[in-house]
Amino acid sequence: MKLRCPAIPLITHTPYFSVWSPDDLPNRTDTCHWTGKPQPITGTLKVGERTYGFLGKDTVPPMSTVSVEVSACSTEYMLESPEVRLKLEFTSPLLLDDLKVLARPVTYISAEVSPKFSLPRDLPVTVSLSVGEAVCLDHPGQSPVMGTAVLGKHFTAVTMSNTEQKVLNRAGDDVRIDWGTFYLAVESGGKVSWRDTADGPMVCAERSGSLGEPFRALFAAAYDEVKAIQYFGRDLDPLWKEEAPALQELLDISFSEYDRIAERCRAFDRELTEESVEAGGERYSQLLRLAYRQAIAAHTICRDEDGQLLFISKECFSNGCAATADVSYPSTPLFLLYRPELVFAMMRPLMRYARSDAWKFDFAPHDAGTFPLLNGQAYGDRLESQMPVEECGNLLLMTAAATAACGDGSFAGEHWQLLSQWAGYLREKGLDPENQLCTDDFAGHLAHNCNLSIKAIMGVAAYGFLLGEDEGSEEWLQTARDMAKIWAEKAANNDGTYRLAFDRPGTYSLKYNAVWDRLLKLSVFPEGAWDRELASYLERTGPYGMPLDNRASYTKSDWLVWVASMMERREDFEAMTEPLWQACHNTPQRVPFTDWYDTRDAWQVGFQNRTVQGGLFMRVLMGRESK
C-alpha cells in the first residue's frame, strides 16, 4: 500500500524557499509555503483548443490524477485528460554527496505530454506555469512587486521581487521571505510574461510543441535570497554564490546539467530505497523518502568569514530558533549516513556563541539566535529557559558520532576546552538532573528525568570515546559505566522496565537516548539491560504509536524510530514503526510531515516541516554500522 503523504513536497531548498501541495490532488488546492500560507503556482495544459488545469486551483477543467510518487529528490504526478497523459515532475536535487548541487536554490519542473491514442501529428500543445506575488512577500499585497525578463544561453526567465528590499529584515517562525528575487524560467524556445490579475501580479512561463511524439517542457523555479543569514553581526552569502555570483549564471548551468542531475537523483533514490527496505521494510522506506527533502531543506548552507562550512537549521513551527542543538541532535542520522561534515557545520554557531562573552553559563547553549539572525539567544540570560544537561549531552554525542563517521578529530580538537567543560558538567550534575527542560520541552520542566540522565551518561561516554587512545579515555568510559549502574538501580520499576523519573515508580517513557550506546559500541549499559524495556514498548503501542511517556497520549516520530532501531528483530522494528506509517497516512492535517502527534487519533499536536525527521534514518545508520 502506498503512503498518502499529509502534504506533498514540490520546491524544497531553505526555510524561505519551500512550497508544498496540501492535497492528494495537485490541481484542487492552492500550493503553499510550509507554514501553510498560500504561495500559488498554477499549471495549465492546452491541447488543441482545450485547456486543462494540472496544478493549483484554476477555472479550467482539471486533469484527472492517476498517481503520485514521492522519492528522495523528486515528486512525480501522472495526470490525464481525455486525449493525453501528463507526467509532471518536481526535482529539488538535494544530493548530500555534492555540496555544489545541494546549495543551488533551483527546482526543476518537467512536464512530459504523450497521447493516449492516435492524434494528429501537428496537434499543438502548450504547457504553462504561473506564480503569484506571495512567493516573494510575507503576505500578498504587502508591497508592490516588480519584475523583468532575463535571457540566458539555455533559458528565458521572468523575475518577481518586492519593491521594498530590506535584506534579512526580520526573524521569527511564521514568516516568509520578503526580499531577494524569484525567477521562473523555461528552457530555450519557451516564452515568459507578466500578468496583472484580479488576484494580483503573476509571472508566467510557457512552452509549446506538437504531439507528433512525446513532448517535454522543462521549467525551473529559483530564488536569489541575496544573503543567507546574519552571523554575529556579519551578513553571509549563500553557498551557491561560490559557483556562480549571479543566479542567471546558475540557471544556465542548471539547465545544461538537467539530464545528468535527474539521473543522479534517480540513482540515489534507488540506493536509498534498496537500503531502507532491507533495514526496515517498504513502509519504513516510504517514510524516509518523504522525510529526506524536508529534513535537509529546513536548513540553509553558507560559510563563515573564515571559510568554514555552516549548515543552519530553523526550528520550524516552534519558535524559529536557529542552530538549535536539540533540533540538530535528532536530525543527525541522515547526515551521518550521507555527509557527516554537515553535523560539524550545524554545531559551529553554538561553539562560537559558547566561547563569546555573551554566554555566561558553564553548560552548552540551546541555540545561537532566531532564524535568520544568529546574533545570540533572545533569552540567553534566563536560566529557566535553558537545557543544561540536554545540550551538553547533545553536542558531545554529535561530536563523537560525526568524528567516528568522518574519521577526523580536528573539530573536537578545535573545541576541546568546551567539550571538556561540558563533560565535567555532566559528570557532576547529569546523573540525577535538577528540575529543568529537556528537548521535549513542550512537556514542561521535570526533575530526576531518567531519559535525560541517560543523555548525561552517554555524553560522559562520548567524551571518553573522543579521547581515543589518550590517557584518561578508559577512566571516563568507566565513569559512564558506573553512572549507568546507579541509574539502573534508581530507575527500575518492579517489572524490569524503567521509570519516567527516579522518584515516580510505575511510570514509563521512551528511553531513546540509549541508542548511542549501541551505535557507537560503547558498552556502557550491560548486555540485556534494555530487553524488558523494549518489549514493554510493543505492549504499550496503540493504533498510531507508543506515547512519549505516561503523562500524555502524544508521541514523537524521531524518538519512536530510535527506540525501534534498538530492537534486534526486524519484525519488532516493523511492529513499532507501522503505527507511525499509519499516523502519517491517516492524519487529517495536510501539513508537511509532523513529528509531534497524538497516538489515539493521529492528529497533529504541533510542529511541521522540521529537520528532526532526519532522525528516522537511524535504523539505516545502525544497519550500516553493524556491517
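Contact here means heavy atoms within 4.5 Å, and every view described below is taken from a predicted model.

**View 1. Surroundings of Trp 516 in the largest nonpolar core.** Leaving aside residues up to four places away in sequence, Trp 516 touches Tyr 329, Thr 332, Leu 336, Leu 397, Ala 401, Met 458, Lys 521, Leu 522, Trp 562 and Met 618. The largest nonpolar core, to which Trp 516 belongs, has 215 residues, and those with the most contacts inside it are Trp 487 and Trp 516. Helix H10 (residues 450-467) contributes the largest share of this core, with twelve residues. Apart from it lies another core, made up of five residues, among them Ala 7, Trp 20, Trp 34 and Cys 316.

**View 2. The largest pocket and its lining.** The space in the largest pocket amounts to about 680 Å³, and the pocket is lined by 34 residues, with Pro 40, Thr 42, Ser 130, Asp 199 and Met 202 lying nearest its centre. At least two lining residues come from each of strand S4 (41-47), strand S10 (124-132), strand S15 (191-197) and strand S16 (200-210), and S16 gives the most, with six residues. Sorted by class, this lining comprises eleven nonpolar, twelve polar and eleven charged residues.

**View 3. The second largest pocket and its lining.** About 510 Å³ of space lies in the second largest pocket, whose lining of 22 residues has Arg 518, Ser 565, Met 566, Glu 568 and Met 622 nearest the pocket centre. Helix H3 (258-280), helix H12 (515-519) and helix H16 (618-626) each supply at least two residues of the lining, with H16 giving the most, five residues. By class, nine of the lining residues are nonpolar, four polar and nine charged.

**View 4. A salt bridge between Asp 24 and Arg 590.** The side chains of these two residues, Asp 24 and Arg 590, meet at 2.8 Å, N to O. Asp 24 lies in the loop between strand S2 (18-21) and strand S3 (32-33), and Arg 590 in the loop between helix H15 (570-586) and strand S24 (596-598), so the pair ties together parts that are 566 residues apart in sequence. Asp 24 is partly exposed, at 30% relative accessibility, and Arg 590 is likewise partly exposed, at 22%.

**View 5. A salt bridge between Arg 216 and Glu 187.** The closest N and O atoms of Arg 216 and Glu 187 are 4.0 Å apart. Because Arg 216 lies in strand S17 (residues 215-224) and Glu 187 in strand S14 (residues 181-187), the pair ties together parts that are 29 residues apart in sequence. Arg 216 is partly exposed, at 29% relative accessible area, whereas Glu 187 counts as buried at 14%.

Conventions: Residues are numbered from 1 along each chain as its sequence is written. This is a predicted model: local features need pLDDT of at least 70, side-chain atom pairs count only at pLDDT 80 or more; totals for chains, interfaces and linings use all residues. Side-chain values use heavy atoms; hydrogens and water are left out. On a 1 Å grid over the protein atoms alone, a cavity is a set of points where a 1.4 Å probe fits but cannot get out, and a pocket is an open set with protein on both sides within 12 Å along at least five of seven lines; lining residues have an atom within 4 Å of a point. Grid points are joined across faces, edges and corners, and a volume is the space filled by probe spheres set on the points. Helices (H or I, at least four residues) and strands (E, at least two) are DSSP runs, numbered from the N terminus. Ala, Val, Leu, Ile, Met, Phe, Trp, Tyr, Cys and Pro count as nonpolar, Asp, Glu, Lys and Arg as charged, and the others, Gly among them, as polar. A nonpolar core is a set of buried Ala, Val, Leu, Ile, Met, Phe, Trp, Tyr and Cys residues joined through side-chain atoms within 4.5 Å. Buried means under 20% relative accessible area, exposed over 50%, partly exposed in between (1.4 Å probe, protein chains only).
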